[in-house]
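Have the sequence and the model open side by side.

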Amino acid sequence: MPRTKKDANFNGTIGNLKDLKESLSTITKEYQLSEEDTIKILLESIDKAYRETNYETHNKYTIKSKDENGNEISIVRPSDANAMHSETIIDKETGKIIFYECKDVINDDDIEDDLYQISPEEASEKDPSKKYVVGDIYKEAHTLENQDLAFFNRVKILFLNRVKETVKKALVDKYQDRVGQIVSAVVESVDTNKDGKVYVTINNIPAVLEPRQQIPGEIFTPGSVIKVLLKRIGENNSKDKENKGPSLIISRTDPLFLRRLFEQEIPDIADGSVKIENIAREPGVRAKVAVSSKDPNIDPSGACIGTDGSRIKDICMEISNEKIDIIRYNANKYLYIAEALKPATVIGVVLKDNEAVPEGKKPKAVAVVKNEESKVAIGKFGVNVRLASILTDYSIDVKEIDEAIRNQIAYSNIDEIKRKEALDRLDLEAQSIIDSQDLSNDIDLDNTNEPNEEDDKAADEYIKNNTIEDETASNNKVEQTSEVASNDNLANLETTTEETNSEETPIETNQEEHVEITNKAKISISELEAQIEEEKKKKNSEPSYKKYKKEDKKKEEKEDSKKKIINAMPIYTEEELKQIDEEEQEEEYEDEEDFSEYDDDHYYDDGK
């Protein structure tokens, strides 16, 4: 049965305003527009459709004017319905749609186009209810009765186009701040044709994921939620005229997409303790991410990988199990290139920074790896060395050790560079510690200018323990020092001399390795021997509860005698001191007989 053509007649009135509001509400939710904007778009579409269907575009009209001689002439000018003034309203009480043809009231001599201009006399003649003057606007009402089907089709097309244009313009304001960030998109459909476009919606706003912006090999399912990078808001290159205009440009292959995933999944990067220095990526194959940290207590690589690789696994799953190498960034170019070529072991690097670089090219570098590791350094289809070149901004040529030796390539050894950097770092740490100690010492000196009682007691006790009882020797002034004393004894001598003379006039001394003694002894040898013998008797009179070996005893007595002599004034030459040592050794016991019986104090009583 053939279809019957519906009557296109329209009485110009919307029968049910409630149904109209419900329809507009549905459109408002679908396109995320306000109700006011939707009604405004509808009226503008009706207004434009009425002008285009009821007024000729580029119509010629004739106006009267005068030439230079004052003669009246006729001028033919084109007219365009798009240039006319009009206004369309919907009466909220009756639902009637009214189109107003608007004209500017101006002087008859100034009229250029009667399509939108009218004289006061003509306006008053057409509308007797009002006396028009220059500056008024004349409105001629037209209802939409008896409009044909072409009019309604035109209203529909104009309305849908205006809605889409309004939505796209709203994108600029709504998503401008989110450009360069990750947004969630719902997959609506997948084009199975050769172009393979994926149609998605972002908050009910349509967008297209182009094939070149998709990770190779990934499969999309309608209804699934995916993460995409909002690259920019730009012009859609679609051939469909209705889809042209501002649109969301999205991607999953851009290196920035991987950076944003790291920021979302790794807290150390989000808070700034770990920084991403650079990213090199071949989507679906491999990626290298160079990271660093200013905090020496943070391992940037470990922070990105996570416990048992938990963090990096989540990122890999989001990008269809694309392999990711975490590279420790190094400001040293040699070490950075060696790190970027991992998992290959780089032995040395040559930088050719002095060579001329063609425009658009990178400076060259040679990386020397272990034998049979060139394939690892280059990678499958050269992906590893390509990514390392992008990461380091050097065009890297890989050579094995044997090949480098044959070609006589002089390279910088990576281990030596690492060792040097480690030593430099230790020097810096040591210097910082010294600087901090110097600062604290300065602070302590400022706060302790005046000695307290405890310091005085400690100083007195030190002087008492390091000064001999012989007043005659302590009063002698030292003019020069002898080479006879060892380094340790010399230090003790200087300390004792300074402390003994602390209350006297300071004596300036020049420390020299050997100075000949010119002063004479102030005490005789016999008196000194008597003094030493008295010291021995006093020591032997003290009870001893511990048996020493002969060698230990000799050593202790020898040290004690040296200390006594040093604490006294240096009055003997080297030959005299040597002779005294020999005499003391002759007096020592020649056997290892047990003398414990002599430890009894009663043995020395009178009469025994």
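What follows covers a sheet with its packed helix, and then a pair of helices.

## The model

Keep in mind that this is a predicted model.

## A four-stranded sheet

Start with the open sheet, where four strands line up as S17-S16-S15-S18 with mixed pairing. On the edges sit strand S17 (395–400) and strand S18 (412–413), each of which pairs on one side only.

Helix H9 (residues 333–340) packs on this sheet and touches S15, S16, S17 and S18. The direction of H9 makes about 125° with that of S15.

Now for one of the pairings inside the sheet: S15 (residues 346–352) runs antiparallel to S16 (residues 364–369), and six bridges link the two.

## Where H2 meets H4

Over to the helices: H2 (residues 35–54) and H4 (residues 149–175) have axes that come within 8 Å and cross at roughly 135°. That angle is why H2 counts as oblique to H4. As for handedness, the crossing of H2 and H4 is right-handed.

Which residues make the contact? On the H2 side they are Thr38, Ile41, Leu42, Glu44, Ser45, Ile46, Lys48, Ala49, Tyr50, Glu52 and Thr53. Those meet Phe151, Arg154, Val155, Leu158, Phe159, Arg162, Val163 and Thr166 in H4. Sorted by type, the residues in this H2–H4 contact come out as ten nonpolar, four polar and five charged.

Notes. Residues are numbered from 1 along each chain as its sequence is written. This is a predicted model: local features need pLDDT of at least 70, side-chain atom pairs count only at pLDDT 80 or more; totals for chains, interfaces and linings use all residues. Side-chain values use heavy atoms; hydrogens and water are left out. Two strands pair if DSSP finds at least two bridges between them. Contact means heavy atoms within 4.5 Å. Axes are lines fitted to C-alpha atoms, for helices over the stretch in contact, and angles run from 0 to 180 degrees between N-to-C directions. Angles under 35 degrees count as roughly parallel, over 145 as roughly antiparallel, 65 to 115 as roughly perpendicular and the rest as oblique. A crossing is left-handed if the near helix is turned anticlockwise from the far one by less than a right angle, and right-handed if clockwise. Ala, Val, Leu, Ile, Met, Phe, Trp, Tyr, Cys and Pro count as nonpolar, Asp, Glu, Lys and Arg as charged, and the others, Gly among them, as polar.
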